[in-house]
Amino acid sequence: MKTPKGTLSPRQEELMLFLWDKDVSLTATQMAEAMKGWNNVTLFKTVQALTENNFLEVKGLEKAVKTYARKLAPSMTRAEYYGNLLASRGITKEDLPQIIASVIGTEKDSVEKEIDEMLQRL
């Protein structure tokens, strides 16, 4: 089954979660060394696909023996990706208090009250 445009496959998501947690630019070789259990070919193909689909961007170069390797980092934050994913699935700002309440394990009404208070301070 093909992954819809603008979404990550499970393998791509695993790599992106790793990179979001690291929060530093890495070369594909450094990723391969850190991602235990990944085949190098799979990792390099995943990095290539993420770069082509603008999920990763080049943040610099690093000399590796006689050549240079691209240092890559996510082009968006984890929150931006999942926010875009929710929006693409029809989630609107009216749904946010209930989503936040579900994530933090509280009642929707208390979240709505806190959001309203925050907005009034702005």
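Reader: How far from the ring centre of Trp38 does Arg11 lie?

Author: This is a predicted model: local features need pLDDT of at least 70, side-chain atom pairs count only at pLDDT 80 or more, and totals for chains, interfaces and linings use all residues. Residues are numbered from 1 along each chain as its sequence is written, and side-chain values use heavy atoms, without hydrogens or water. A charge sits over a ring if NZ of Lys or CZ of Arg is within 6 Å of the ring centre and within 35 degrees of the ring normal. Arg11 lies over the face of Trp38, and its distance from the ring centre is 4.5 Å.

Reader: Which residues does Thr46 touch, leaving out those up to four places away in sequence?

Author: Thr46 lies in helix α3, residues 40–52 (helices, H or I with at least four residues, and strands, E with at least two, are DSSP runs numbered from the N terminus). Contact means heavy atoms within 4.5 Å. With residues up to four places away set aside, Thr46 touches Arg11, Gln12, Leu15 and Trp38.

Reader: Is Thr46 buried or exposed?

Author: Buried means under 20% relative accessible area, exposed over 50%, and partly exposed in between, with a 1.4 Å probe and protein chains only. The relative accessible area of Thr46 is 7%, so Thr46 is buried.

Reader: How is the pair of Trp20 and Tyr81 classed?

Author: Rings of Phe, Tyr and Trp (its six-membered ring) pair if their centres lie within 6.5 Å; planes under 30 degrees apart count as stacked, over 60 as edge-to-face and the rest as tilted. The structure holds four aromatic pairs. In this one the ring centres are 6.0 Å apart and the planes stand at 35°, so the pair is tilted.

Reader: How many residues apart in sequence are the parts that this pair of Trp20 and Tyr81 ties together?

Author: Both residues are buried: Trp20 has 11% relative accessibility, and Tyr81 has 4%. Trp20 lies in helix α1 (residues 10–22) and Tyr81 in helix α4 (residues 78–88), so the separation in sequence of the parts they tie together is 61 residues.

Reader: Which residues do ring pairs link into a cluster?

Author: Tyr81 also forms an edge-to-face pair with Tyr82, at 5.0 Å centre to centre and 70° between the planes. Tyr82 is partly exposed at 25% relative accessibility. The cluster linked by ring pairs is Trp20, Phe55, Tyr81 and Tyr82.

Reader: What separates the C-alpha atoms of Arg70 and Ala32?

Author: Arg70 is in strand β2, residues 67–74. Its relative accessible area is 41%, so Arg70 is partly exposed. Beyond four places in sequence, its contacts include Thr27, Thr51 and Val58. Arg70 and Ala32 are 38 residues apart along the chain, and their C-alpha atoms are separated by 14 Å.

Reader: What is the relative accessible area of Thr27?

Author: Thr27 is found in the loop between α1 and α2 (28–34). Among the residues it touches are Glu62 and Lys71. Thr27 is buried, at a relative accessible area of 5%.

Reader: What is the phi of Asp23?

Author: Asp23 lies in the loop between α1 and α2. It is exposed, with a relative accessible area of 66%. Although Asp23 is not a glycine, its phi is positive, at about 55°.

Reader: What is the phi of Asn54?

Author: Asn54 sits in the loop between α3 and β1 (56–64). Its relative accessible area of 56% makes Asn54 exposed. Asn54 is not a glycine, yet it has a positive phi of about 65°.
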